[in-house]
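Reader: I have a chain and its coordinates on screen. Please show me how to read them, one feature at a time.

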Amino acid sequence: MKAMQFHSSGGPEVLQLADLPIPEPGQGQVLIRVEAVGVNFIEIYFRKGIYKTSLPATPGSEAAGTIEELGPGVTGFAVGDAVVSTSVIGSYAEYALVPAAQLIRIPPAVTMEQAAAVMLQGMTAHYLAFSTWPLKAGESALVHAGAGGVGLLLTQIAARIGARVIATVSTPAKAELARQAGASDVILYTEKDFAEEVRRLTGGKGVDVVYDSVGKTTFDKSLSCLRPRGLLALFGASSGPVPLFDLIQLSSKGSLFITRPTLWHYIASRAELEWRAGQVLNWVASGELHLRMEHSYPLAEAAQAQIDIEERKTTGKVLLVP
Ligand SMILES: NC(=O)c1ccc[n+]([C@@H]2O[C@H](COP(=O)([O-])OP(=O)(O)OC[C@H]3O[C@@H](n4cnc5c(N)ncnc54)[C@H](OP(=O)(O)O)[C@@H]3O)[C@@H](O)[C@H]2O)c1
């Protein structure tokens with residue numbers, strides 16, 4: 001089978017197309033024929049060596065496909081089932097293994113591309129809005145990178161709850177997308193001081209919660225956007241990791257809370273995984289959640305897909321189609 005591989009950490013050039021044997025499913029695993037791969041920012045951290053992995057490695061954890069073979073001990077699934085997962089072992093490939101405990105069946109009204117597009121970013125938006133800070137109608141949220149993959153979904157979900165969303169983006173074209181997703185105000189954070197803007201937009205009060213996936217370039221000012229006892233959910237580092245931080249600032253800025261959540265801890269039980277995946281897939285099927293899937297690349301162009309994400313050229317979801 002064809003699969004992308006990297007033998008050392010580095011720039012996008014370390015990603016190479018390789019011929020590898022089709023893997024055999026072990027105990028509790030299934031083999032899927034991959035039909036759509038979800039590309040996520042985390043794969044850039046792994047490729048660069050910011051997050052560690054054993055080498056050589058095939059990147060990717062999100063894919064939708066068809067079950068080809070069941071490993072020993074797998075029940076509840078059959079060959080030919082259309083499935084999706086965020087726990088694929090190397091999804092940038094034509095075939096991949098997945099622990100059956102992490103598989104979700106795709107509803108008939110949802111395509112492979114839609115399933116691969118919504119699982120990881122959709123469940124992330126879901127846990128941020130329903131569990132990390134259970135948003136209520138009338139509350140206000142600042143969503144950074146509001147036209148990105150998670151950003152567009154989180155904005156839609158928060159707006160549907162009835163919260164006021166203030167989004168940040170880098171270009172006017174992205175601002176339009178964030179508005180269409182339900183943001184009532186959009187700030188071009190590459191041009192304006194977003195903390196000053198948030199204070200102005202909230203009459204000096206600040207927002208209840210900041211969802212910050214950008215990290216290094218936004219972190220300090222994100223804290224300045226919060227009302228007393230508000231929460232900063234720092235869930236990514238697209239601009240780089242946040243430097244060491246003196247906790248006393250939380251006190252002086254208003255008895256603030258900070259969390260650094262990761263999806264894995266919010267889908268750790270089968271019940272929680274089924275709840276989040278079921279809701280986001282059903283919202284896609286019903287049209288309540290709109291997916292932007294304008295960036296689709298052949299498997300062999302995975303490096304270009306990652307370059308475009310890093311260079312902020314993409315909006316919504318990025319897919320590879322083997
Ligand atoms: N913790 C979790 O559970 C979890 C789960 C999923 C994703 N994440 C994180 O959430 C973030 C968003 O993921 P995503 O896949 O949806 O990506 P994305 O938002 O589609 O892409 C990243 C966006 O970040 C913004 N950005 C700001 N400064 C940047 C910089 N210096 N370099 C590159 N981008 C920059 C860009 O939007 P503008 O051009 O508008 O600034 C860019 O489009 C990533 O950091 C990812 O690791 C975390």
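Author: Start with strand β11 (residues 207-212). Six of its six residues are buried, so β11 is largely enclosed by the rest of the structure. Buried means that 20 or more other C-beta atoms lie within 10 Å of a residue's own; exposed means 12 or fewer, and partly exposed is in between, with C-beta atoms placed from the backbone. Helices (H or I, at least four residues) and strands (E, at least two) are DSSP runs, numbered from the N terminus.

Reader: What kind of model is this, and how are residues numbered?

Author: The model is predicted: local features need pLDDT of at least 70, side-chain atom pairs count only at pLDDT 80 or more, and totals for chains, interfaces and linings use all residues. Residues are numbered from 1 along each chain as its sequence is written.

Reader: Which strands pair with β11?

Author: Two strands pair if DSSP finds at least two bridges between them. Strand β8 (residues 140-143) pairs with β11 in the parallel sense, over three bridges. Leu 142 has Val 210 of β11 as its bridge partner. Strand β12 (residues 226-234) also runs parallel to β11, joined by five bridges. There, Val 210 stands opposite Leu 232.

Reader: Which hand does the unit of β11, helix α6 and β12 have, right or left?

Author: First the rule. A crossover is right-handed if, with the strands pointing away from the viewer, the path from the first strand over the helix to the second runs clockwise. β11, helix α6 (residues 219-224) and β12 make a right-handed β-α-β unit.

Reader: How is the chain divided into domains?

Author: Domain bounds come from an automatic or database domain assignment. Here they give domain 1 (2-119 + 270-321) and domain 2 (136-260). The domain centres, taken over C-alpha atoms, are separated by 28 Å.

Reader: How many residues of each domain are in contact with the other?

Author: Contact means that the C-beta atoms of two residues, placed from the backbone, lie within 7 Å. Eight residues of domain 1 are in contact with 11 residues of domain 2. On the side of domain 1 that touches domain 2, the residues divide into two nonpolar, three polar and three charged. Ala, Val, Leu, Ile, Met, Phe, Trp, Tyr, Cys and Pro count as nonpolar; Asp, Glu, Lys and Arg as charged; the others, Gly among them, as polar.

Reader: Which residues come nearest to the ligand?

Author: A residue is near a molecule or strand if its C-beta atom, placed from the backbone, lies within 6 Å of it. Of the 30 residues around the ligand, Gly 148, Gly 149, Ser 170, Ser 213 and Gly 236 come nearest. The elements giving two or more residues to this shell are α2 (112-132), α3 (149-161) and α9. By class, the shell has 13 nonpolar, 14 polar and three charged residues. Domain 1 and domain 2 each supply at least three residues to it.

Reader: Is Ala 147 buried or exposed?

Author: Ala 147 counts as buried, because it has 29 C-beta neighbours inside 10 Å. It is found in the loop between β8 and α3. Leaving aside neighbours within four places in sequence, Ala 147 is in contact with residues including Leu 152, Val 169, Lys 174 and Thr 315. The C-alpha atoms of Ala 147 and Lys 174 are separated by 5.5 Å, though the two are 27 residues apart along the chain.

Reader: And what does Glu 113 touch?

Author: Glu 113 lies in helix α2. Not counting residues up to four places away in sequence, Glu 113 touches Ala 36, Met 293 and Leu 319. With 19 C-beta neighbours inside 10 Å, Glu 113 counts as partly exposed.
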